[in-house]
Amino acid sequence: MPPCIERSDVIIRDCFVACLSTFCCATAASSLTGGFHEKDGKPYCRSDYLSLFAPKCGGCTKPITDNYITALNAQWHPECFVCRDCKCSFSGTSFYTVDAKPVCPKCLGVDEDDEEEAEEN
């Protein structure tokens with residue numbers, strides 16, 4: 001009979017400690033001593049959980065765990081939502097889409113004055 005089935009307090013305590021020390025991530029053999037995330041009844045370490053289930057950034061493809069921007073049918077880390085070509089940010093300015101990536105007007109050769117006239121019409 002396995003020790004966990006026994007009713008001795010010492011055996012139950014020892015079994016509990018043994019079970020905790022062998023509690024592993026559903027995708028790896030790593031022990032979950034520092035906490036875990038649960039999905040569909042399975043335990044995952046933070047790294048594997050984020051890799052498998054968190055939304056991925058449209059720029060760097062890493063998991064998004066905090067603030068993000070939604071644009072171009074994707075979510076982006078704020079620091080990743082930049083011009084595809086010159087890497088400048090779009091704070092307060094418009095952008096164009098080329099191959100599903102944001103591109104600033106300057107990199108496309110669009111003059112800001114032309115852009116303002118187009119918006120007015």
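Arg84 is partly exposed, with a relative accessible area of 32%, where buried means under 20% relative accessible area, exposed over 50% and partly exposed in between (1.4 Å probe, protein chains only). The model is predicted, so that local features need pLDDT of at least 70 and side-chain atom pairs count only at pLDDT 80 or more, while totals for chains, interfaces and linings use all residues. Residues are numbered from 1 along each chain as its sequence is written, and side-chain values use heavy atoms, with hydrogens and water left out.

The structure holds two salt bridges, a salt bridge being a side-chain nitrogen of Lys or Arg within 4 Å of a carboxyl oxygen of Asp or Glu. In one of them the side chain of Arg84 meets that of Asp85 at 2.9 Å, N to O, and Asp85 is partly exposed at 41%. Arg84 also forms a salt bridge with Asp99, at 3.6 Å, N to O. Because Arg84 lies in the loop between E4 and E5 and Asp99 in the loop between E5 and strand E6 (101-103), this pair ties together parts that are 15 residues apart in sequence; helices (H or I, at least four residues) and strands (E, at least two) are DSSP runs, numbered from the N terminus. Asp99 counts as exposed, at 66% relative accessibility, and salt bridges that share partners join Arg84, Asp85 and Asp99 into one network.

Turning to the aromatic residues, the structure holds seven aromatic pairs, in which rings of Phe, Tyr and Trp (its six-membered ring) have centres within 6.5 Å, with planes under 30 degrees apart counted as stacked, over 60 as edge-to-face and the rest as tilted. The rings of Tyr49 and Phe53 have centres 5.3 Å apart and planes at 55°, so this pair is tilted. Both residues lie in helix H2 (residues 46-53), four residues apart, about one turn of the helix; Tyr49 is partly exposed at 22%, as is Phe53 at 33%. The rings of Phe81 and Phe90 likewise have centres 5.3 Å apart and planes at 55°, so they too are tilted, but Phe81 and Phe90 are both buried. Trp76, Phe81, Phe90 and Phe95 form one aromatic cluster.

The largest nonpolar core has ten residues, among them Trp76, Phe81, Phe90 and Cys104; such a core is a set of buried Ala, Val, Leu, Ile, Met, Phe, Trp, Tyr and Cys residues joined through side-chain atoms within 4.5 Å. Leaving aside neighbours within four places in sequence, Cys104 is in contact (heavy atoms within 4.5 Å) with Cys83, Cys86, Cys88 and Phe90.
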